[in-house]
Amino acid sequence: METEGPVALASSTARASRSNSWALAWLLVGLLGGATALAAYGLLSGVRRYATVGNPYPGAFLAVAEPVGYFAACLAGAVCLGAMVCVVMMARPERDGLIDPASFRIHLVAERVSIAWAALAAAMVIIQAAHDSGVAPTRLLTGGGVVDAVAASEIARGWIVTVICALVVTVTLRLHTRWLGHLVLLVPTVVAVIATAVTGNPGQGPDHDYATSAAIVFAVAVTTLAGLKITMVLVAATPSRAVQVVQVACGALALSYGAMLLYLLIPRWEVDSDFARLGLLAGLLLLLVWMSDCRQLFRTPGRSGDASTGAALAAMTTVAALAAMAVQTAPRYVAHQFTAWDVFLGYELPQPPNAVRLVTTWRFDSLVGVAGIVLAIGYLAGFVVLRRRGNAWPAGRLASWLTGCAVLVVTSSSGVRAYGSAMFSVHMAEHMTLNMFIPVLLVLGGPVTLALRVLPAAGDGQRPGPREWLTWLLHSRVTAFFSHPITAFILFVASPYIVYFTPLFDTLVRYHWGHEFMAVHFLLVGYLFYWAIIGIDPGPRRLPYPGRIGLLFAVMPFHAFFGIALMTTTSAVGGVFYKSVDLPWLASIEADQHLGGGIAWGATELPIIIVIVALVAQWARQDRRVAARQDRHADSSYGDDDLEAYNAMLRELSRMRR
């Protein structure tokens, strides 16, 4: 009887080892099978595929290397992203932030695969540049035309961004094994995934503003889902409840945004092309994986190893299908006659803006606009939960947050964004709203405080959850650095000068992803600054109230000078783009820029008034609390003095009697 336990344990361990070996073997078969299928597709469809769009056949090597390399690089990036998400959501870090041994195994997966990711992405830069220029890679490398070929290929430039981000991830993972480091590294990893997703079909032609926003969400969702599936098999781990929720959410996002992309890129849902058939195959696989994840989350307590391996293979096949779609022209653009507005805007603006058109011309932003709606719904849900518990929450904070979210949706999706993408003056109004008005309303909503009061704490022996992650992030050195009043001030002041007075704006204004980047950047920078000034949530070490007012007024000269510089400069900011758009009803690009400078100069008044009112109210409230505390202390001290005097009298009487 004493030996049955160890024997049973050894037998169970051997079975688990064999099962994991079979799972890894199936993953290898899936990887090789996907690469082989893409190579065969490149060879068999090469001449026909290029002739359909009128492009010359680049040769068998490039016809095969482009889809196979795209698949391998994207798969490596997916594993890196999935592994880091697993570490963030499943780790039980020590007091010093170091991850536990189980999470370190997942960390090693990301660390090793990131090296292959960087190498594959670097190879794709050369392959894509050679493919788009019609020159063999060896000739391109030996002939000295690499720089020009890369500069001429938008997709190759996207792969350069991926290479840089992958190298950052590789080096950092080698040096850091703390929970916070993995959380921070999610940013460059997501940027790398987006960099290749927004090039090619989504960024071209009519409605590319819709397609680009959808491609950003779709790429992140699909990559995260595939990475989580493959990582769980590689480390033979069972996904936590939080990871299961993320998988279901990613599957739902991938299906909805993928359907939007197919609708935009395939006219009338015609399935007579390879592109459409591959899209339907990817959609079917995603649907099967999502249904399996829902069943696991809501019905069954766990998933067998075979089911996990099957889901990972389905996700891998999905990535292969998407890679084959990414290297060919979408059916909508095959015979389309492009106009300048198709290329630079994605839609037409035949009439000048006025108050009615700014309100009624809607092109809903499926990234920033949806984010505003989700933030409002999440806040309302937290408010309802808190009230059902019998706890109060100030109505002013609720109104401030919901107003900020509503303004965010309107700014990102109405005529303000539609005309702002084509006119500098309207763009500057959009920028000022995102940077100086919306963050004030969001900060006064106190979302972090609400989240900390609503989210449940993890019990003893349980994995840390969202409440613990949020607490760690709030008390981290990264948050302390970026939310420091001086850092927030520098970012807030320097951002407009860096964006608009360098060649950076010429690139950002040209692409819809650039407008999305600017919207997110200015929103976050504004939030950090006003969090340091009027923040309700716990976080940065704030200055005394006179220092906050001084910091607020110190911003005003910099913004005024920025506006004056725009009004007085003789060269048009982003002039190449605005001349290419060539709005027939816009008399002068320079005059429009001067108007934008005037908007930048005068747009600070309303936000400053709101902030001053909030600061004075907070200062007065603090003074009342301090006065009340001092009164209580005085009352307590007065009572203690009387008691001490009475005791002293008794002691004196006792001494006299003796």
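This is a predicted model: local features need pLDDT of at least 70, side-chain atom pairs count only at pLDDT 80 or more; totals for chains, interfaces and linings use all residues.

**Burial, bridges, cores and rings**

Biologist: Why is Asp207 called buried?

Modeller: Asp207 has a relative accessibility of 18%. Buried means under 20% relative accessible area, exposed means over 50%, and partly exposed covers the values in between (1.4 Å probe, protein chains only). The value of 18% is under 20%, so Asp207 counts as buried. Residues are numbered from 1 along each chain as its sequence is written, and side-chain values use heavy atoms, with hydrogens and water left out.

Biologist: What makes Asp207 and Arg332 a salt bridge?

Modeller: A salt bridge requires a side-chain nitrogen of Lys or Arg within 4 Å of a carboxyl oxygen of Asp or Glu. The closest N and O atoms of Asp207 and Arg332 are 2.9 Å apart, and that distance falls within the limit, so the term applies. Asp207 lies in the loop between α7 (179-197) and α8, and Arg332 in the loop between α11 (305-326) and α12 (340-344), so the bridge ties together parts that are 125 residues apart in sequence. The labels come from DSSP runs numbered from the N terminus: helices are runs of H or I of at least four residues, and strands are runs of E of at least two.

Biologist: Is Arg332 buried, exposed or partly exposed?

Modeller: Its relative accessible area is 25%, so Arg332 is partly exposed.

Biologist: What makes Asp209 and Arg363 a second example of the term?

Modeller: Their closest N and O atoms are 2.7 Å apart, and they form a salt bridge. Asp209 is in helix α8 and Arg363 in the loop between α13 (355-360) and α14, 154 residues apart. Both Asp209 and Arg363 are buried. Salt bridges that share partners join Asp207, Asp209, Arg332 and Arg363 into one network.

Biologist: How many salt bridges does the whole structure hold?

Modeller: A search finds eleven. One of them joins Arg174 and Glu111, with the closest N and O atoms 2.9 Å apart. Arg174 is in helix α6 (residues 154-175) and Glu111 in helix α3 (residues 101-133), 63 residues apart. Arg174 is exposed at 63%, whereas Glu111 is buried at 11%.

Biologist: Which residues touch the most other members of the largest nonpolar core?

Modeller: A nonpolar core is a set of buried Ala, Val, Leu, Ile, Met, Phe, Trp, Tyr and Cys residues joined through side-chain atoms within 4.5 Å. The largest one has 83 residues, and Leu27, Phe71, Met84, Trp159 and Ile230 touch the most other members. Helix α2 (residues 60-90) gives the most to this core, with 19 residues. Apart from it lies another core, of 73 residues, among them Met423, Leu450, Leu523 and Ile534. In soluble globular proteins, nonpolar side chains tend to be buried together.

Biologist: What makes the aromatic pair of Tyr511 and Trp513 stacked?

Modeller: Rings of Phe, Tyr and Trp (its six-membered ring) pair if their centres lie within 6.5 Å; planes under 30 degrees apart count as stacked, over 60 as edge-to-face and the rest as tilted. For Tyr511 and Trp513 the centres are 5.6 Å apart and the planes 10° apart. Tyr511 is buried at 13%, and Trp513 is partly exposed at 27%. The structure holds 25 aromatic pairs.

Biologist: Where does the charged end of Arg397 sit?

Modeller: It sits over the ring of Trp393, 4.9 Å from the centre. The definition asks for NZ of Lys or CZ of Arg within 6 Å of the ring centre and within 35 degrees of the ring normal. Arg548 likewise lies over the face of Tyr545, at 4.2 Å from the ring centre.
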